[in-house]
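Thanks, everyone. Let me put the model up, and then we'll go through some helix packing and a pocket.

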Amino acid sequence: MKVKHTPCGIFTIFGATGDLSRRKILPALFALYRQGRIGDDCLIVGVARESGLGDDGYRALVRQVLAGIDDDAVARWVDRCLFYHTIGGSTPGDYQAIGAKLSELEKQRSLPGNRVFYLAIPPGVFRTTIEGLGEAGLNHSPGWTRIVIEKPFGRDYQSALELNKLVHRYFDESQIYRIDHYLGKETVQNLLVFRFSNAVFESLWNRDHVAGVQITVAEDIGIGKRAGYYEKAGAVRDIIQNHGTQLLALVAMEVPATFDAESIRFEKIKALRSVALIDSDEVVLGQYTGGVIGGQTVAGYREEPGVSPDSRTETYAALKLEVDSWR
């Protein structure tokens, strides 16, 4: 089967040296390149605060990230498509410099001016980054422009509304992607096929035949160097209100009229509105302590670098929910 090549441009990653970029974004972009879905006309510009890294230093870092992949395409992709820019203090001049670098690369490679800005950064700097891009005029380009905002989208309902208002000040809704990278997992995507493409199974997927469904999101790694983020988030904001809620919606939703984004979104909202108020007696919160995983001794949460020794941040959350629908 011939793989469709997607015309690209420049994919700019803010937080390009962080955990999310290393573990998820960069390997995913390389996988698309190796599959032929993006080509040498899709440049990756990493933006972060590390000074002195430069293009060569960042390429060396990405080679380490992809070290487990034995493929000649790694060297070609890294050398031809990856670049780096230090953002400094997030001043207007920093964003103007980013714009100048993108324009220079577009001119050198004869690119159409299509740009994606991916915010793989802590939620606390969403505001300054969005304002910086908007005030520097980077919300528009010769081609199309997209901004991708990683989860969590706000700390609570009010902050989510404020963030939405801010991003709409500079970007049209058609330019905005509020993303939950968990939905890209093959197992998660298989849920739709598993539920709706099997007529026998779908007819049994109801309260008459299913007593309950347990959704487990388990990890065998600690927080690593993410204490600055995790101490302010915890398991509920990091997992429950995005990854877990999305999985709940996919499990409980009805068959959408069509499999386009709006129809699926509509059915997800209906499912979530059917969830009864949560009883505090049906919630358990906890925090991991030291132990052994895979024969290796691992530290407890309070012993992780950057974590307060008396931290009350939850790293474990279990909830029992009831979906009040006919199903």
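**Helix pairs and a pocket**

Helix 2 passes helix 3 in a right-handed crossing, meaning the near helix is turned clockwise from the far one by less than a right angle. This is a predicted model: local features need pLDDT of at least 70, side-chain atom pairs need 80 or more, and totals for chains, interfaces and linings use all residues. Numbering runs from 1 along each chain as its sequence is written, and side-chain values use heavy atoms, without hydrogens and water.

R59, V62 and R63 of helix 2 meet W77, V78 and D79 of helix 3, with contact meaning heavy atoms within 4.5 Å.

Next pair. Helix 5 (residues 126-135) and helix 6 (residues 157-170) have axes that come within 9 Å and cross at roughly 15 degrees. Helix 5 and helix 6 are therefore roughly parallel (under 35 degrees). Their crossing is left-handed. Among the contact residues are F126 and I130 of helix 5, and L163 and Y170 of helix 6.

Now the second largest pocket. How much space lies in it? About 1200 Å³. A pocket here is an open set of points on a 1 Å grid where a 1.4 Å probe fits, with protein on both sides within 12 Å along at least five of seven lines; lining residues have an atom within 4 Å of a point. Of the 40 lining residues, G18, D19, L20, A120 and R226 are the closest to its centre.

Notes. Axes fitted to C-alpha atoms, helices over the stretch in contact; angles between N-to-C directions. Helix = DSSP H or I, 4+ residues; strand = E, 2+ residues; numbered from the N terminus. Parallel < 35°, antiparallel > 145°, perpendicular 65-115°, else oblique. Points joined across faces, edges and corners; volume = space filled by probe spheres on them.
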